[in-house]
Amino acid sequence: MTTTDTTRLCRSFQTAPAAVPKADTAKYLRSGLTAEGFEAPDWLVPDLEDGTAPSMKDEALENTVDLLGTHDFAGECWPRIEWSDTSAELRERGRDQIETLVREVDEHVDGVVVPKVGGIEDFDRVCRTLADVRETYDVPQDEIGLAIILETAQARSALREIAHRAADTPLSAIVFGPVDYTAQLGGRDVGSGRPRWDGTLEALSIETSANDLLAIGGPFDELFTTRAGVTAYRAEAYAEQVELEAHLGLDGSWSLHPKQTVQANHVHMPLPDELERALDRIERATAALDDGTGAVSIDGQMIDEATIKNFRNTVSLVRAIDDRAPQQTASRYDEELLAHARDIDLASP
Amino acid sequence: MTTTDTTRLCRSFQTAPAAVPKADTAKYLRSGLTAEGFEAPDWLVPDLEDGTAPSMKDEALENTVDLLGTHDFAGECWPRIEWSDTSAELRERGRDQIETLVREVDEHVDGVVVPKVGGIEDFDRVCRTLADVRETYDVPQDEIGLAIILETAQARSALREIAHRAADTPLSAIVFGPVDYTAQLGGRDVGSGRPRWDGTLEALSIETSANDLLAIGGPFDELFTTRAGVTAYRAEAYAEQVELEAHLGLDGSWSLHPKQTVQANHVHMPLPDELERALDRIERATAALDDGTGAVSIDGQMIDEATIKNFRNTVSLVRAIDDRAPQQTASRYDEELLAHARDIDLASP
Amino acid sequence: MTTTDTTRLCRSFQTAPAAVPKADTAKYLRSGLTAEGFEAPDWLVPDLEDGTAPSMKDEALENTVDLLGTHDFAGECWPRIEWSDTSAELRERGRDQIETLVREVDEHVDGVVVPKVGGIEDFDRVCRTLADVRETYDVPQDEIGLAIILETAQARSALREIAHRAADTPLSAIVFGPVDYTAQLGGRDVGSGRPRWDGTLEALSIETSANDLLAIGGPFDELFTTRAGVTAYRAEAYAEQVELEAHLGLDGSWSLHPKQTVQANHVHMPLPDELERALDRIERATAALDDGTGAVSIDGQMIDEATIKNFRNTVSLVRAIDDRAPQQTASRYDEELLAHARDIDLASP
């Protein structure tokens, strides 16, 4: 599906290697496209980059071209192509991959995810490459979005300028890539785990919010733990990361597994209480405006145009999820609450 | 009183709704203006914005005009007007409020507090508005100061540029506004409380220090807690926030209640030990310079021109408090120490 | 020795007062130059600034001129001169000190450390001063490096621009100076110790990494503690600081004592396991490239050109240490591992 100008939704950014050395090389891609309920990711990211072995890159691209559009997938598809600020060869490969995707499955690709972007010059190079391909195949700008992985010190240093480009480019999301980032910064695990880069997460939340972009957290790759011969999924450890990301205002989290997708979809979805409060505030504020009172103080909080906007955002987010994944909203909210969220007037008075 | 070019002092930034639905609609404003001892705020902020109901805005402005100057208030008065980067209507109202204040009670207004400022263009718009009004009423620039609330992602993103404008504008202080900020960034309480935005507080301390501005923390609104039917003032929780702000180098804290003002005034005031050490270092350094030694090492710390400046700042701060609130200095320091602070020569040798 | 274009190495940045009021006024300088094993600092910093009493500044410069080059010191020598953004007198003294060092012992000085640098204009002034002196004495740019202490709010505010100058100036390292920094920001110890400035450390790691500079932590000056009459070296407290710095990707730590140098040299040196893993990954990646496979996935991590670069950096770091301090590498790695690190081909395929 194509990105629309309604609420952007990416609670879960699930990467899937687009080709793996198995009988069905498209196993994980197919699994992502057919996932149901809370396992269905908001964004499925067929991975042509680090998740796919070099010897299988061509097959990965073929699998992506072959499979996109053949399933009734309600989320968005954002293939991760190859790129690097420091390698002309990788940029050339990335350009070819974009070209193939646009030429072959344009209508099923919502955007591309570009890794290892450097400073502002490299970001501009990414945008020119995208624009060139679009022009060649006569595709309008809003049909192919752009998400970048923030994983070089150069991109972090230029984060403000890059995010500011949102107004003039198809940039829709910035995704944190802690592995390469930590390696370049030289961060080390000297006994207290990997660095969390709290300052970088806070900056990501700030700059994306200032420019109406989505902010997505980085992958959590220690999915399982084995103790006394028993292997267990590490739900709590992942939950902690996703909750930290939600705490700091990130919109979604990276998922490497359907179990992680379930968690990310839940954490980044308003709680029934949050939805109920938002609906209540909107109604009371609207009533006060109709009365000519202008605004109201509710439970000690002054509700004005500025704060009401955030309550509208909560309802819009629930509607966007409801449009895409009605199974999820039906399971989370009771019928009456959901009907209320669908019916309420969100227009500014 | 009018801002002078001596030490800026704002340990406590106490907002008071300028009109409330009570028999005396100016109750809180009057209470702020007549507070004594440590309850007297350094800055009293008559709130024409979110603290006052929309239906009482006109009365709030009238109360402010009527009351400023009628009491023997030793602190500074900085009304918070209405403004918003995203609403022309609010900016129009804000301009009218500034105009009324300047026209009617110019000599009792030290400056205005402007909320919801956006990026650098909006900040410049605030400054032009102020300059227009000043020129209309022929008021010199240094008579009406400017404090802004840092509560949008755009202002945070432009913080460095905004703070840098201090040299060319009446900007005197930047105050953190975590409620709207958290809402815009999408930060959520998912079990571990509201985000603290440590990175933003650190940046606020840096940029204000680099440009000789005051930095003030955000409000703490859970003033009371009720357990087993007993309601208690949450002194410890507020102390933790104020101490964090002092730790990070902020100059003052936001107060919503006289009890909070007492705490903020105490925490942001040098301890007797700090004052004593400052006086001792200044004297020994001056003696060394007179001897021709040039500088001295005291307790392992080298005292040179640069470090001596900070000891002078401590003494200047105590003097500024002493000028404004002699009850506070008399209660905190013994007579001899205070006399020493008043008498010592602070001029650079 | 002169800075070369190989791996920059500064695990330990040891300052030594260049003159002290003892029978041998050059005692600490001499001790640094003759230290052996892990006590030998990577950078010895003869301190002409805050570590030396004003009355001994001339003797400090004489000691530095007299002693540099007279011992078989394998590390680099980076005298800290006087400077201040806010004092023309100190800048004049600093310029004279640079001139004397360049004129008298150019071949033994790897660079100068400049304290209290302000914003970008002051940084540029530092660079012009260095260039003037170099031109006067006809010394090529790469013979005299530049390290600055980040200890003013102005320098922090301009950190990105300053670090970006690395391409056009002899800037090699940025060193954190928390004492003056905390004083200027007004940070206070109100019960929870001194501020750590985590955001500043993270920014330092980012901007130095983006511009191929070294990042060095600040001094830890509470070296000893006395309890029940027994004085003990505070190894654990210092280890915590150095490990935090390594965690955040800083390259080295400030040392005030040979015991601290031993710790800094250890923490910032790859563990045998880290070295072994790096060698293994480089070999397997090279083999895969020879096979035409292009890259490999090892233990779930995709090894491509970008990630392999970091493993090469680990080996290069060990080689640099081995060149300078073979006693240290011999004591840390077994012979076979070290031979492997010396022999492996690090060229890009």
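The structure holds 0 disulfides over all chains, a disulfide being a pair of cysteine sulfur atoms within 2.5 Å. Cys127(A) is in no disulfide: the nearest cysteine sulfur, that of Cys10(A), is 19 Å away. Cys127(A) is buried, at 12% relative accessible area. Buried means under 20% relative accessible area, exposed over 50%, partly exposed in between (1.4 Å probe, protein chains only). Cys10(C) is in no disulfide either; the sulfur of Cys77(C), the nearest, lies 12 Å away. Cys10(C) is also buried, at 2%.

This is a predicted model, in which local features need pLDDT of at least 70 and side-chain atom pairs count only at pLDDT 80 or more, while totals for chains, interfaces and linings use all residues. Residues are numbered from 1 along each chain as its sequence is written, chains are lettered from A and ligands numbered from 1 in the order in which they are written, and side-chain values use heavy atoms, leaving out hydrogens and water.

Now the symmetry. Chain C superposes on chain B by a rotation of 120° with 0.0 Å of shift along the axis, at RMSD 0.0 Å. The two copies are therefore related as by a three-fold rotation axis. Within chain C, Gly199(C) comes closest to the axis, at 3.3 Å (C-alpha).

Chain B has an open sheet of 4 strands, ordered β3-β2-β1-β10, with parallel pairing. Strands are DSSP runs (E, at least two residues), numbered from the N terminus; two pair if DSSP finds at least two bridges between them. β3(B) (76–77) and β10(B) (253–255) stand at the edges, each with a single partner strand, so one side of each lacks a neighbour in the sheet. Strand β1(B) (residues 12–17) runs parallel to β10(B), joined by 3 bridges. Ser12(B) stands opposite Ser253(B) in β10(B).

Terms used. Copies are superposed by least squares on the C-alpha atoms of residues with pLDDT of at least 70 in both.
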